Every structure is written in C-alpha cells, then in structure tokens.
Amino acid sequence: VTLARLRMCPLGWLGVASLCLGTLWAVPAKDRRKAEKPKADLSLYGNLDLDNYDLTLDNYGEMLDLSNYEELYEYGDFVPKIEVGTLAPRPRNPQTLSELDETTAGTPKLQPGTPKLQPGTPKLQPETPKLQPPSGAGPAPPAPIPGQGLPGCQLCLCLGSSVYCDDAGLERIPALPSGTEYLYARFNRIGAIRAADFSGLEKLKRIDLSSNSIRWADADAFRLLPRLQELLLAQNRLTALPELPRSIVRLDARLNRIPSAGLRPEAFLDLKQLQFLHLSDNQLDFIPVPLPQSLRSLHLQNNNIRTMHEDAFCDSQEQGQVRRALEDIRLDGNPINLSLFASAFSCLPRLPTGRFS
C-alpha cells in the first residue's frame, strides 16, 4: 500500500498544478493587463487625471487645458485676399465723376508683393483713372465698357457687334457705336425714325424695331445703309414705308396701318436681293407689283385686296415661263376670288393660299 501511494503522489501533484494554472487563466485579460501595467507618474501630466475618463460639463475645464492650443494653428491662410482689377461702375454724371477722382486721387496703388491684410482691415480700391477731355471740348465722353470694345453703349447691352435695347423704355433710337452690325430695340416706345438716327452706321446688317409705336420714318432713314439685309418693323403704327437700300433681303412690316398709297410706285422693283416680303395685316388695296425675280415668300394676308393684275406674278408675253423661286404666296383673309385670275399665277410652282370660290 505504501508503494502504491508513493506511485500516485506525482499524479496528485500534477492535478493540483493543473488546477492552479486553470484558475490563473480564468482571470479576465483586462484585469491581468491592469495588474501587470505599472502605474504612471502623474506628475508628468500636469492637470490631466488619467484615472478618470468620464468627461462631463462640470469637469471638462478641469480635465483639459486648451489655453495653449492657439499656438498650433497658423491663421495667415484665412486672411481675405485683395481683389485687384475690379472697378466699381462709373457714374454717368461727369460732375460726379470728377468728384470721385478728387476723392480717390491720393489712394496708393497696390504693388506686386504687397503683404496680405489682417482680418478686419478694409480692402483698398484701385485708383480710378481720370478722363482728360480734349482742349476746348465739353464733358468727357463715356468710357468704353470693359471687354466689349464698343464705346458709347450706355442705355443698351453691347456684346461684340450686337446691341440689345429690348424693353428699355426708349422713346427714340439711342446713340449707337460705329461698329454696330445688329440692333435689337423691340418692345419700346419709339415713335419715329429720323435719318440721323443711323447716320454713319455703314456696318448695320439687321435692324429689329418690332413692337414699338413708330408712326413715321424719314425717307432716307434706311436708304443709305449699304449692308442692311434685314429690316423688321412689325407691330407698329406706320402708314408709309420709307425707301429701302438695294441690299435688303428681308422686310417684315406686318401688323401696321400701311395702305397702298403708302408705297412708292415700283417700290420693290430694284431690290434684286429681296427674298422675303411680309406685309400682312395692313390696309393694302392691291398687290405691290412689279416684284423682283429674287422673291421667294410674299405674305399679304388680312388686307383689303380685291383684284389682281394679270402680270402680278407672271409675264403674260412670255409663254412657258416658270417662276420657281416664288413658292410661298399668302392671300388668305382678302376679299378676292383667286379663281378669277388664274392666268396671273400660271407660272408659279404652287398656287397661292387664299379663296378660290
């Protein structure tokens, strides 16, 4: 029995050792690390209490000292930059302009390399250049609009060679830059067109004065414009048409009060480039013949046309004539029976639009 106990003793010690090791590893790892970690010296951290991580509104100021955080940031990048080259709109009154020049004459210009302004410092405006009028002349002319290159464009918007004056409350044609090619002055209160309104504007190609109150136009208001191709006078109060330049391609004078007596005899005969003639909604009594061979579209609807000459569109002396260019003729809304004048449009590729019974 004693020998058996001696043989079993090592096995008993082995069991006891296993039980101890199991108890040791049963302790949570978090507690083991806390037990193994040496406690830090709190004198190195000043007023930071590392044993308490619960921050509240009461102890926030005691836990963290933010007084030295300001030194960590460079605020120079947040200073607003100075805008150079942006000028305020120039006053239209020359007297106000001179007063403004005297006020800003002593303002120093910003040179390259000028240090940035500190926060709260007001921006410096670039010096406004003075306009020196020529000797013996009146007030200085208006300055050109930056980037547009067209001087004198005050009441309108100038973009390239186009001038936009739509719905600007105009009562007459404004002074236009000499390089104007396209003028849009619709929806205004312009009452008349004078010969001097377009004097010297030899580059004009298009004039749109639709929806105004124009009652009359000087005979030479458009005749001296050598490059004018489009003239739009729709929805006005005209009772007569002025003389047109030979370069005209499109004339739109619909919705006016023009009678046949308001057209010059053979008004369109010499217009060899005219393609579109629109005179609808007027007071015409007959078709304004002779018409140029270049004509493609003729709108005469809603007038008072009752009869038609046999040579209105075709030459009665030329047999087999075909006038292919003139494809669009509108005579609807007139008290004329087109079936009674078949020989007048026998050379056309298409019949006019209107009443045939």
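**Strands, rings and charges in a predicted model**

Q: Where is Leu159 found?
A: Leu159 is found in strand S1, a strand being a DSSP run of E with at least two residues, numbered from the N terminus. This is a predicted model, in which local features need pLDDT of at least 70 and side-chain atom pairs count only at pLDDT 80 or more, while totals for chains, interfaces and linings use all residues. Residues are numbered from 1 along each chain as its sequence is written, and side-chain values use heavy atoms, with hydrogens and water left out.

Q: Why is Leu159 called partly exposed?
A: Leu159 has a relative accessible area of 47%. Buried means under 20% and exposed over 50%, with a 1.4 Å probe and protein chains only, so a value in between is called partly exposed.

Q: What makes the nonpolar surface patch of about 270 Å²?
A: The patch is made by Leu157, Leu159 and Tyr164. Patch residues have over 30% relative accessible area and no salt bridge, and nonpolar side chains are joined within 5 Å.

Q: Which strands are the edge strands of the open sheet?
A: The open sheet has 9 strands in the order S1-S2-S3-S5-S7-S8-S9-S10-S11, with mixed pairing, where two strands pair if DSSP finds at least two bridges between them. Strand S1 (157-159) and strand S11 (328-330) are the edge strands, each pairing on one side only. Neighbouring strands are turned by 5° against each other on average, direction ignored.

Q: How many bridges join strand S5 to strand S7?
A: Strand S5 (residues 206-208) is joined to strand S7 (residues 230-232) by 3 bridges, and the two run parallel. Since pairing asks for at least two bridges, these strands count as paired. Arg206 has Glu230 in S7 as its bridge partner.

Q: Why is the pair of Tyr164 and Tyr184 called stacked?
A: Rings of Phe, Tyr and Trp (its six-membered ring) pair if their centres lie within 6.5 Å, and planes under 30 degrees apart count as stacked, over 60 as edge-to-face and the rest as tilted. By this rule the count comes to 3 aromatic pairs. The rings of Tyr164 and Tyr184 have their centres 5.2 Å apart and their planes at 5°, so this pair is stacked. Tyr164 lies in strand S2 (residues 162-164) and Tyr184 in strand S3 (residues 182-184), so the pair ties together parts 20 residues apart in sequence.

Q: What makes the pair of Phe345 and Phe356 edge-to-face?
A: Phe345 and Phe356 are 6.1 Å apart, centre to centre, with 90° between the planes, and the pair is therefore edge-to-face. Phe345 is buried at a relative accessible area of 6%, whereas Phe356 is partly exposed at 33%.

Q: How do you know that Asp166 forms a salt bridge with Arg186?
A: The closest N and O atoms of Asp166 and Arg186 are 2.6 Å apart, and a salt bridge is a side-chain nitrogen of Lys or Arg within 4 Å of a carboxyl oxygen of Asp or Glu, so the pair qualifies. The structure holds 12 salt bridges.

How values were computed
Helices (H or I, at least four residues) and strands (E, at least two) are DSSP runs, numbered from the N terminus. Axes are lines fitted to C-alpha atoms, for helices over the stretch in contact, and angles run from 0 to 180 degrees between N-to-C directions. Patches are made of residues with over 30% relative accessible area and no salt bridge: like charges are joined within 9 Å, nonpolar side chains (Val, Leu, Ile, Met, Phe, Trp, Tyr) within 5 Å. Accessible areas come from the Shrake-Rupley method with a 1.4 Å probe; for residues, only the protein chains shown count as cover.
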